[in-house]
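The structure is shown first.

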Amino acid sequence: MSDEDRLSINALPDEILLYVFRTLSATEFVATLPLVCERWSRIIASDSCTLKRIGMHHANAIAAVEFFYFRDESERSQMFHWPSDDYGRLLRTTTVQCTGHDYRGAAAGRVGYANAFYLFARYEEICGHVAALMISSNLSVYATDGFTFVDRLTTLVLHGVRIREADQYTLAELGTVYVNVLDVVYVKCSLALRFDLKFLHAGFGQLRRFRADHNAVGVRFLDDLLHTHRHTLETVVLGDCTVTGDRWIDVLSERLRGRTINRLSMHSAYFTDRCVNQFLTSADLVLPDDRSNVIIDSDLGRISFSINIDPL
């Protein structure tokens, strides 16, 4: 770029430059443009409306970090309930809408993982707006220290990660580093047979919503989850998990006594119509008078039920 070209683009008002910047990919917006000059960095840092719609993806390929836009502000809050395939689809999307504009460009622009540390340290005010982090890389090489500046992170998603027994300590570290995380999601992850499931949630002291879509979980795990986060937990979704053990009704009745959660979704071969109805009519639970939102489905011999409960 010639000096004349630089002068011409810098002659544009800030609002016009920002309009141009918003047409680029999220990775370019967050990680590339602020490096050009102090003015560009200031313009981007001032655009909190756009920055709040940016999520971060720690990718498998070449230890890369990607950024992506949410189509609208409500999409991030709905991220917890997205179908499993939507996570991969989002990262492949080449056009997304944000603040009324179409953002075109490569959605999979990448930043070298080592360089991401430098970006977060220098542009803390920019990357600090990132509120959603998706991890689809090996946890054993995940260095949380590089992302301590993402202090507004509220949603953590692990998508397609093979979690080994040794990774339980990394999960505990994630809970220490990202102390503001409210929503934790595990989608299409595989767990080692000897993995201690309490590490999926124990480190997150402010946990509000928890979702896991993998294999089976025992009643002991459910008991520990509801007990550890009894003061904060509002939503539990065990989407593709089968709850094992026949004490589920005792665990739920005991742990939910006198309190409510907004959503409970489970299925198990141990559920029967009689037991589910017994649970729903328990005097220990605080349930709304209108039960029209309680759904009981029988599928291949398994009973699943979903409850949406108004908070106290």
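## Burial and the cysteines

A residue is called buried when its relative accessible area is under 20%, exposed when it is over 50%, and partly exposed in between. The model is predicted. C189 has a relative accessibility of 6%, so it counts as buried.

A disulfide is a covalent bond between the sulfur atoms of two cysteines. The criterion used here is a pair of cysteine sulfur atoms within 2.5 Å. With that criterion, the number of disulfides is zero.

## Largest pocket

The largest pocket has a volume of about 340 Å³. Its lining consists of 15 residues, and F195, D196, L197, K198 and F221 are the closest to the pocket centre.

Sorted by class, eight lining residues are nonpolar, four are charged and three are polar. Strand β12 (216–218) and helix α11 (219–228) each contribute at least two residues to this lining.

Helix α12 spans residues 248–255 and includes W248. The relative accessible area of W248 is 1%, so this residue is buried. W248 lies 26 residues from L222 in sequence, and their C-alpha atoms are 8.2 Å apart in space.

Helix α13 covers residues 273–280, and its buried residues include C275, V276, F279 and L280. These four are on the same side of α13, because the arc they cover around the axis is only 135°.

Conventions. Residues numbered from 1 in each chain as written. Predicted model: local features only at pLDDT ≥ 70, side-chain atom pairs only at ≥ 80, totals over all residues. Heavy atoms only, no water. 1 Å grid on protein atoms, 1.4 Å probe; cavity = no way out; pocket = protein on both sides within 12 Å on 5 of 7 lines; lining within 4 Å. Points joined across faces, edges and corners; volume = space filled by probe spheres on them. Nonpolar A, V, L, I, M, F, W, Y, C, P; charged D, E, K, R; others polar. Buried < 20%, exposed > 50% of the residue type's maximum accessible area, 1.4 Å probe, protein only. Arc of directions from axis to C-beta.
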